[in-house]
Amino acid sequence: MRERDADAADHGSAKAAQQVDVVVIGAGQAGLSSAYHLRRTGFEPDRDFVVLDHSPRPGGAWQFRWPTLTYGKVHGMHALPGMELTGADPSRPSSEVIGTYFDTYERTFDLQVRRPVDVRAVREGEAGRLLVETSAGNWSTRALINATGTWDRPFWPRYPGQETFRGRQVHTAQYSGPQEFAGQRVIVVGGGASGTQHLMEIAPYAAATSWVTRRPPVFRDEPFDENIGRAAVALVEERVRMGLPPRSVVSVTGLPLNDAIRQALEDGILDRLPMFDRITPDGVEWDDGRRVDADVILWATGFRAAIDHLAPLRLRAPGGGIRMEGTRVTADPRLHLVGYGPSASTIGANRAGRAAVRDIRQLLARDPVEVAA
């Protein structure tokens with residue numbers, strides 16, 4: 001009896017769902033690019049497609065960045081399609097600059113983003129459609145563009161003794177600026193751009209800083225040109241094609257060796273230590289007997305793709321990732337992941353949005369029976 005009731009409830013929710021051709025989940029760079037290209041090719045917002053965003057306001061993940069990350073410190077922010085970002089004050093927080101830009105963009109192109117909307121699950125619907133279950137009701141869609149990024153899934157590594165540490169452990173996602181570390185001994189873990197930025201900001205305030213990374217950092221002295229970018233994206237793309245979890249693009253390209261980095265290297269701020277073997281109540285230790293005492297461990301260890309809501313579709317390959325061709329999920333051509341893997345950059349997200357829409361237009365032009373295949 002309970003099983004029949006559950007089936008009836010599911011059937012009822014599918015019947016009550018609003019029907020559209022395309023649902024876009026996420027209104028960061030990749031989601032807005034996708035919505036722009038949908039609109040530009042004849043899809044009408046709130047009739048043919050809908051954009052759902054769980055953030056409280058425009059700006060994607062940028063709205064949550066720490067105040068000291070000014071627009072002038074942002075590496076490679078690429079303008080959204082159809083509207084340049086010009087005249088921005090480099091001394092203003094990037095969260096304000098880009099939040100205002102995204103807000104203007106949404107209004108200019110009348111994208112009608114719905115927020116805050118939490119997408120709880122995407123599952124198989126009826127008649128070859130996908131059912132998108134959310135906090136604001138359900139949508140039945142012929143195709144889906146997932147642009148949820150990574151900000152909501154900070155990655156916390158696990159090390160022996162971690163639970164015994166008497167100090168504070170913080171992730172980049174919780175970082176609010178260097179002042180909170182004044183007079184403290186801080187270990188920053190992570191070899192990406194966030195780790196180096198945190199170190200350079202915190203060092204003047206902290207009693208002591210240490211930098212720990214799994215691999216020796218690679219600093220890139222030559223300009224980041226199109227050839228280097230293409231080669232880096234190709235390496236990340238190969239992993240997702242094989243169904244492996246994507247690596248970050250910066251793990252392939254290395255870190256830009258600018259004047260600030262050079263000065264930090266000269267000052268010893270970026271004097272890197274290999275990864276420790278354990279965490280103690282008072283700090284960290286290595287098997288060779290070395291130890292560093294600390295009041296704070298700051299995990300600048302990156303993020304993972306926020307795609308738990310896609311779990312009912314069972315998309316993961318044996319390698320742990322989602323096998324893809326371009327932006328299209330190989331196992332389900334109705335579904336595109338943009339801002340994922342090789343398109344997890346601002347310029348990559350723009351291109352991915354355009355490619356996904358082009359593919360979806362071709363998909364929707366076919367017989368509906370093919371959509372369900």
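# Legends to close-up views of a predicted model

**View 1. Arg-168 has Val-296, in strand S15, as its bridge partner.** The model is predicted: local features are described where pLDDT is at least 70, side-chain atom pairs count only at pLDDT 80 or more, and totals for chains, interfaces and linings use all residues. Residues are numbered from 1 along each chain as its sequence is written, and side-chain values use heavy atoms, with hydrogens and water left out. Strand S6 and strand S15 (residues 296-299) are joined by four bridges in the parallel sense; two strands count as paired if DSSP finds at least two bridges between them. Helices (H or I, at least four residues) and strands (E, at least two) are DSSP runs, numbered from the N terminus. This pair belongs to an open, parallel sheet of five strands in the order S6-S15-S7-S8-S11, whose edge strands, S6 (168-171) and S11 (272-274), each pair on one side only. Averaged over the sheet and with direction ignored, neighbouring strands are turned by 25 degrees against each other.

**View 2. Helix H4 lies across strands of the five-stranded sheet.** Helix H4 (residues 193-202) lies across S7 (185-189), S8 (208-213) and S15, and runs at about 170 degrees to S8. For such angles, axes are lines fitted to C-alpha atoms, for helices over the stretch in contact, and the values run from 0 to 180 degrees between N-to-C directions.

**View 3. The ends of helix H7 show a side-chain contact at the start and a glycine after the helix.** At the start of H7 (residues 259-267), a side-chain oxygen of Asn-258 comes to within 3.2 Å of the backbone nitrogen of Ala-260. Following the helix is Gly-268, which has a positive phi near 85 degrees.

**View 4. Strands S12, S13 and S14 form an open antiparallel sheet in that order.** The edge strands are S12 (278-280) and S14 (291-293), each pairing on one side only, and S13 (residues 283-285) is joined to S14 by three bridges in the antiparallel sense.

**View 5. The largest nonpolar core has 36 residues.** A nonpolar core is a set of buried Ala, Val, Leu, Ile, Met, Phe, Trp, Tyr and Cys residues joined through side-chain atoms within 4.5 Å; buried means under 20% relative accessible area, exposed over 50%, and partly exposed in between (1.4 Å probe, protein chains only). The residues with the most contacts inside this core are Val-22, Leu-32, Leu-38, Met-77, Phe-102 and Ile-145. Two or more residues each come from S1 (18-25), H2 (29-40), S2 (49-52), H3 (94-108), S5 (137-146) and H8, with H8 giving the largest share, seven residues. Leaving aside neighbours within four places in sequence, the contacts of Leu-32 (heavy atoms within 4.5 Å) include Phe-102, Tyr-105, Leu-111 and Val-113. A second, separate core has 23 residues, among them Val-122, Leu-144, Leu-310 and Leu-315.

**View 6. Ser-34 is a residue of helix H2.** Ser-34 counts as buried because its relative accessible area is 0%. The side chain of Ser-34 reaches the backbone oxygen of Ala-30 at 2.9 Å, and, beyond neighbours within four places in sequence, Ser-34 is in contact with Ile-145, Val-338, Gly-353 and Val-357.

**View 7. Ser-94 is found in helix H3, and Arg-358 in helix H8.** Ser-94 has a relative accessible area of 0% and is therefore buried, whereas Arg-358 counts as partly exposed because its relative accessibility is 48%. Ser-94 and Pro-67 are 27 residues apart in sequence, with their C-alpha atoms 7.5 Å apart; Arg-358 and Leu-38 are separated by 320 residues in sequence and by 8.7 Å from C-alpha to C-alpha.

**View 8. Residues 1-12 have pLDDT under 50 throughout.** pLDDT is the predictor's confidence in each residue, from 0 to 100, and its mean over the chain is 87, with 83% of residues reaching 70 or more. For residues 1-12 the model has one contact beyond four places in sequence, while residues 369-373, where pLDDT is also below 50, have five contacts beyond near neighbours in sequence. Where pLDDT is low, the predicted coordinates should not be read in detail.

How values were computed
A polar contact is a pair of N or O atoms within 3.5 Å; within protein, one must be able to donate a hydrogen and the other to accept it, and residues adjacent in sequence count only if both atoms are side-chain atoms.
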